[in-house]
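Visitor: Before we discuss anything, could you put the sequence and the model up for me?

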Amino acid sequence: MNNPPETSLQSEKALKRLRRRRAADTRFRMYGLAALGFALFSLVFLISAIAWKASGAVTYHVVKTDIVLTPERIAPDGNASPEEITRNIEGFYTLVRDDLFARFPNAGDSLPVRQDFSALVDRLAVLPLARRVARHPSLIGQSVTVQVPVSDDVDLFLKRSSPRSIPFRIGAGAQISPGQGGGMVLTQPDLDSVRATLTALGEHDGVPSVFVTSQGAVARLSDLGDEAASFELLAGDVADFGGTPLKGLIVTVPESRRTISDLQIAWALALRSEGVIRRVPHTSLLTRTDSTYPELAGSLAAIVGSLLTMLVTGMVAIPMGIFAAIFLEEFAPKNRLTQLIEVNINNLAAVPSIVFGLLGATLLLGTFGLPRSAPLVGGLVLALLILPVVIIAARAALRAVPPSIRSGALAVGASRMQAVFHHVLPLAFPGMLTGAILGMARALGETAPLLLIGMVAFVAEVPSSTTDEATALPVLIYSWASNAERAWEPMTAAVIVILLALLVIMNVIVVMLRRKFERRW
Amino acid sequence: MDTTAQTDHDPALTGEGADKAQALVYPRIDCKDVSVFYSGKQAVFDVSLPVYDRSVTALIGPSGCGKSTFLRCLNRMNDTIDGAKVTGEIFMDGENINSPEVDPVLLRSRVGMVFQKPNPFPKSIYDNIAYGPRIHGLVEDRQELDAIVEKSLRRAGLWQEVKDRLAQPGTSLSGGQQQRLCIARAIAVRPEVILMDEPCSSLDPIATARIEELIDELRKRYCIVIVTHSMQQAARVSQRTAFFHLGHLVEMGDTDQIFTSPRERRTEDYITGRFG
Amino acid sequence: MVQQLGQLPMGWLLTALLVFVVTTGFSVGRIRAERYLVSGGHKFHSRGNYHGYYVAMWGLLPTLLIAAVYVLFSQTAVFGLLNSELPEGFHTLSKAELQSYLEAVAGAAKTGGYAGADRIFATVTSRFLELSGSLKAATLAAMSLSAIGGIAYARRKVAPDFRARLKVERGAEAFLFLCAAIAIATTVGIVASLLYESLRFFAQVPVTDFLFGTRWNAQTSAEFGALPLFFGTFMIALIAMFVAAPIGLFAAIYLSEYASVRTRRYMKPLLEMLAGIPTVVYGFFALLVIAPGVRAAALGINSLLINIGVTSEPFLAAQPTSALAAGLVMGVMVIPFVSSLSDDVINAVPQTLRDAAFAMGATKSETIKQIILPAALPGIVASMLLAVSRAIGETMIVVMAAGQRARISFDPSTDLTTITVQIVALLTGETQFDSPKTLSAFALGLVLFLVTLGFNLIALRVVQRYREKYE
């Protein structure tokens, strides 16, 4: 085997051409990989962007304080009927606000200051408290612990998400002395970082605000000199600044360009350092209904609305779809009509969902006069929408049952109907069920048709029947996403996470069913 | 072993009427201890087999005996199957084609293959033949390509039947014609070896007879390895026969010898129809 | 008294009555059949249960029909009656105002909380309760009577040689057929309702103005030229396909030709997850993440162009919502529609063709490009058509991220509006059912339905032909 001859496997020209072809081959493979990578990246990006947004709504800030439910406030006319108590939101609100306001004796009592202070908590936030008292009138005159959410502006500020704020530290060498006009002067503070940040931020319609806090006291920078910095006291006393190290905060947006004022910031920071404002899990997102105030809004009504809608959809689409599939697969004669039905089903599966909404709006609402915004109508429309999906899946499941089962049943004298219902159906059922669940998952995420039948209405009551006004999770997402305030963004993302979690659960059930009943004939 | 094999790159152009006895002297392909595994399961066991030029070597044996799998080693078609692994050495002109340095793409241009079922591309007859020369860059211009197409179709005995409808799809031909088209397509790349995997199994007897004639004709120019389940066919077209059983090469030799006086008991049982 | 009947919870009552009829019918039939058996010697054609089913069927059928009529038409009927009795002043109200007044009445009647309302409202509500109460009572009575009649009729038929099983099975088969026919009914319903409302629209606005007019201003003034909507729909679908077609196709090629079995098993469901995410989620994502990104990029390009002196005016519109943002996200959404079907058709290309190409010495990419893709082309085209149809009909992404302004502009950073966006805009909020504004939504719906139907029919046809070829 010496001197192997030069063959065409190694000829110069062939190798050169081959290298080129190989390079093209690799490139092509890379295109495929890149396409797959892009698709997966999009998926991950989408999910993580939403999860990251939603993380901002996992907790929120509440005011937790003890107040005495004085009868003069709660039932000023001496009328303590439940209706009157519930109606007297103002009384409860005043109690809570005054309790908080009493902590700032230096704030003055002018109307603008009071109004400013009132914006820390929205009026409607005390409604649950009012309802609780209305249910238990014995609470009147007692001291109760109340927990009410702070307004969305304060919440966003304390979460440092809007307006953006940068914390800084002040060196221990700073000397604190009272300044003129109730202010405070810091001598020899190390404020280089603050100076640098302020320079970097520049001035757009005003200067960023700089705060220092210690315990319950908050002061705002009024003049930054080389040796000393003078501060204006917004909450607490100068005495509070002694002892513990100072903490600083730069709010990057000038006061004129944000919805939360410097005073409100000071109060919020002071209340937080005293533990009155605290961060708690945002359970009200699941236990409350919709509201115009983000911090008071929850998705309960939409969740119940979605469940009621799904109930109607499931009760209509699943049996109908399965029966239709049984007819088409087991009994249908091969004729024009059957063919027409088949073509119809395939086409319906690809009709845009909004067209089903139009059908619901004219036929169900118009012709039949069914109630607007009701889960009944929504459920029926979605049932028609997913019917093709259920039918197609159920037919596949029936087709997977080998004909030998049918022949076996027929051979022992069963009628066709008996063969199908006693022998084929039980075997095909898991497959049908997975198709049905997938169809339901599609219905759960569907929005457009529900908009057209009016399920986009603002619903503050949890619906109790399928003819009540209701909304659904995806519609709630849509309406929250259309709101302007920043605070809705994390809330919307959180509802999306709830919706996706429901969908994931449904899909996991499908996978488990498939695993369990996977059968090879 | 003497492998100063002849370096005739294009046997199609030379070697007309080569002497059979002389051709048998040099193995064109020489397999040493070839084993094939599918996902860890061994399908072919240590097969050593020389294949001679200008002759037809038939691989026979009961179905599932590994003869097709072995055939697919000769142009490394097993590379395209997930989980398939080939060990051992296969020398072609003194070079181990099973080594990773050898590019299967170039190897396959030298070792053509014809499959069990005729599988013309969904293209015109002309493009079917022209496909190989085009991708391998064997031609410079259209005229040259036309010449190759005509020559290949002539060699495959199909020219007279299709010369007026070269633009029609290859799938419009009858089964036997399709298989000859596939043979012509293989020839067009000017291979040295042609592998045939039961090329007649899906054809009727008349078409089979035509293909067998064609094989006999092609033998003058190429080295042919054919897998067949028909012993009559092996006896008719081949000069040498190898008998496979359960992945093992049981016996090989001149076709006459194998069919008249097999050395192995199993070969005899198979040939006389006691199993298989 | 009659007023109190109006408060009856009909949903539960109807269900209970139907269940009662079925169980009674079943036991009546069965007991009768068994009595024959006990009395001795009879050989039954069908088992006792089937006689039970038979009788139950006869009891259920008329009752169910009455219940269905009640559910579908009771509200309309009561409103109609009430309408004719309303005092003079109500006739000045528009149809929509009247409808909402009546709905308020129905709502108050349900909760019973109308005591403190104004006198007319209270009177109307109590009259409403009277009317619906008598209707409810009449319905329940009719149902009971028909059930008794049906059961009595069927009971007489029970006899040893009565072929109850055949009758029951025939009835069941008819029921199964009805379920399947719902598909046709749905299509007929869609076509009929869209056509009916569209014709009413076209009676007021000429078809040609609608199809070829270039000014759309349905909300404020009566301008119904839908061309800008068609343009916006087309433009966004085009952007979506620029994303989805190459990505979907190459992903399908990679999965079916290159990926190992393991990779494929995990990647395919992941890819299909993209189709399972609700579109409202995509819309939120487009609005919150992509649209600001597109805007920032457009602003960047603007200032770059101005800086290097190509233009002095901003070149791109750089709107907060844009066709590009909606199109990009929609493209991602339809990737699986392209890849899934393409993957199927690529896999359907016979392995023998791949073998043939490999045996000729073709590389993998040559095999794919020159043999497999041409063979699978019809199916791939079909998958693209289905994806386009999906993109055209998609609603939420465009509603949230594309904009409301109807105009024709090739600037991808501008906001465009689409057919579906306008349908939603026209039909949410207060709607008057007779105004051309509302009706135009149905004309748009008809166009949307016809266009998507066309795409789907062609695609399904192509796929079917393709399947036949390789099976």
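What follows is a short exchange about one chain and the contacts between chains.

Guide: This is a predicted model, in which local features need pLDDT of at least 70 and side-chain atom pairs count only at pLDDT 80 or more, while totals for chains, interfaces and linings use all residues. Residues are numbered from 1 along each chain as its sequence is written, and chains are lettered from A and ligands numbered from 1 in the order in which they are written.

Visitor: Why does the radius of gyration of chain B agree with a compact globule?

Guide: The radius is taken over C-alpha atoms, and the globule rule is 2.2 Å times the number of residues to the power 0.38. For 276 residues a compact globule would have a radius near 19 Å, so chain B agrees with its value of 18 Å.

Visitor: What share of the residues in chain B is buried?

Guide: A residue is buried if 20 or more other C-beta atoms, placed from the backbone, lie within 10 Å of its own. Of the 276 residues in chain B, the buried share is 50%.

Visitor: Which element of chain A gives the most to the side that touches chain C?

Guide: Two residues are in contact if their C-beta atoms, placed from the backbone, lie within 7 Å, and 68 residues of chain A are in contact with 74 of chain C. Helices are DSSP runs of H or I with at least four residues, numbered from the N terminus. With 19 residues, the element of chain A that gives the most is helix 1 (residues 12-55).

Definitions and conventions:
Buried ≥ 20, exposed ≤ 12 C-beta atoms within 10 Å, placed from the backbone. Helix = DSSP H or I, 4+ residues; strand = E, 2+ residues; numbered from the N terminus.
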